Amino acid sequence: MRFGAAALLLLLPLLGACSAARTPAATVSPAAGDVSTVEASGTPAPDLTDAPSTPPAGEVLTLDQAAHFPDGLSIQVDRIAAATAPAGVLGAEGTDGEVVVADVVITNSTATAYDATKLVIHGYYRDTVGAVMLSDTDGTFGVGFAGAVPAGEQRKAHVGFAIPREDAGNVTIAVDPSDGQHNAVQFRGTAVGK
């Protein structure tokens with residue numbers, strides 16, 4: 001019996017070590033959601049609410065800029081603010097409820113629908129410290145986009161990250177379309193209400 005328990009204790013770290021990572025030029029101009037995960041067949045979808053362990057990638061923009069791609073797609077961060085997590089929100093336990101919330105907006109000015117389900121959004125503070133993404137049962141916070149953005153339309157994903165209030169002055173929202181056509185971008189600046 002002790003041998004079986006010891007073997008189980010040795011195997012648990014190996015069983016929990018599986019994770020998935022995603023790796024994929026925008027022009028810059030001043031800028032004026034549902035939950036979804038995608039999984040490859042036979043591969044479990046990563047838990048996108050975990051804090052990212054790799055630093056953000058892509059061109060660095062400010063929070064008041066938008067990334068405009070040559071095909072007509074644009075991505076921007078809208079309404080970013082430091083706040084206190086409402087009751088029922090998971091993920092902010094390590095920051096005593098201190099969070100940063102934001103809206104990530106995709107505008108599709110292309111001629112065809114854009115599949116936004118592969119897009120990955122991560123939050124960081126102090127440039128490279130990964131933040132836990134918030135979740136809740138009410139669907140207030142999402143981890144990305146649930147479907148396509150029709151041609152000529154715009155969609156918004158409301159996201160939140162566990163970021164200490166003292167670090168809300170140096171926040172990065174990293175957005176990776178993960179589609180092989182659009183490069184990752186970072187939006188960096190101060191969350192309002194800091």
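Student: If a nonpolar core is a set of buried Ala, Val, Leu, Ile, Met, Phe, Trp, Tyr and Cys residues joined through side-chain atoms within 4.5 Å, which residues touch the most other members of the largest one?

Tutor: This is a predicted model. In its largest nonpolar core, which has 34 residues, those touching the most other members are Ile80, Ile106, Ile121, Ile173 and Phe187.

Student: Moving on to charges, how many salt bridges does the structure hold?

Tutor: There are five salt bridges in the structure. In general, side chains of opposite charge can pair when their charged atoms come close. One of the pairs is Lys156 with Asp78, at 3.8 Å from N to O.

Student: What about Asp103 and Arg79?

Tutor: Their side chains meet in a salt bridge at 2.8 Å, N to O. Because Asp103 lies in strand 6 and Arg79 in strand 4, this pair ties together parts 24 residues apart in sequence. Asp103 is buried, with a relative accessible area of 4%, whereas Arg79 counts as exposed at 56% relative accessibility.

Student: Which residue forms a salt bridge with Arg188?

Tutor: Asp127 does, and the closest N and O atoms of the pair are 3.7 Å apart. Asp127 sits in the loop between strand 8 and strand 9 (129-131), while Arg188 is in strand 14, 61 residues apart, and the pair links these distant parts of the chain. Asp127 counts as partly exposed at 30% relative accessibility, and Arg188 likewise at 26%.

Student: Is strand 14 itself mostly covered or open?

Tutor: Strand 14 is mostly covered, with four of its five residues buried.

Student: Which strands pair with strand 14, and in what sense?

Tutor: Strand 2 (residues 59-62) pairs with strand 14 in the parallel sense over four bridges. Within strand 14, Val185 stands opposite Glu59. Strand 13 pairs with strand 14 in the antiparallel sense over five bridges. Arg188, the salt-bridge partner of Asp127, is also the bridge partner of Thr172.

Student: Last topic: where does pLDDT stay under 50?

Tutor: That applies to residues 1-46, for which the model has 59 contacts beyond four places in sequence. Where pLDDT is low, the predicted coordinates should not be read in detail.

Student: What does the protein chain average?

Tutor: The average pLDDT of the protein chain is 80, and 74% of the residues score at least 70.

Terms used:
Residues are numbered from 1 along each chain as its sequence is written. Side-chain values use heavy atoms; hydrogens and water are left out. Buried means under 20% relative accessible area, exposed over 50%, partly exposed in between (1.4 Å probe, protein chains only). A salt bridge is a side-chain nitrogen of Lys or Arg within 4 Å of a carboxyl oxygen of Asp or Glu. Helices (H or I, at least four residues) and strands (E, at least two) are DSSP runs, numbered from the N terminus. pLDDT is the predictor's confidence in each residue, from 0 to 100. Contact means heavy atoms within 4.5 Å. Two strands pair if DSSP finds at least two bridges between them.
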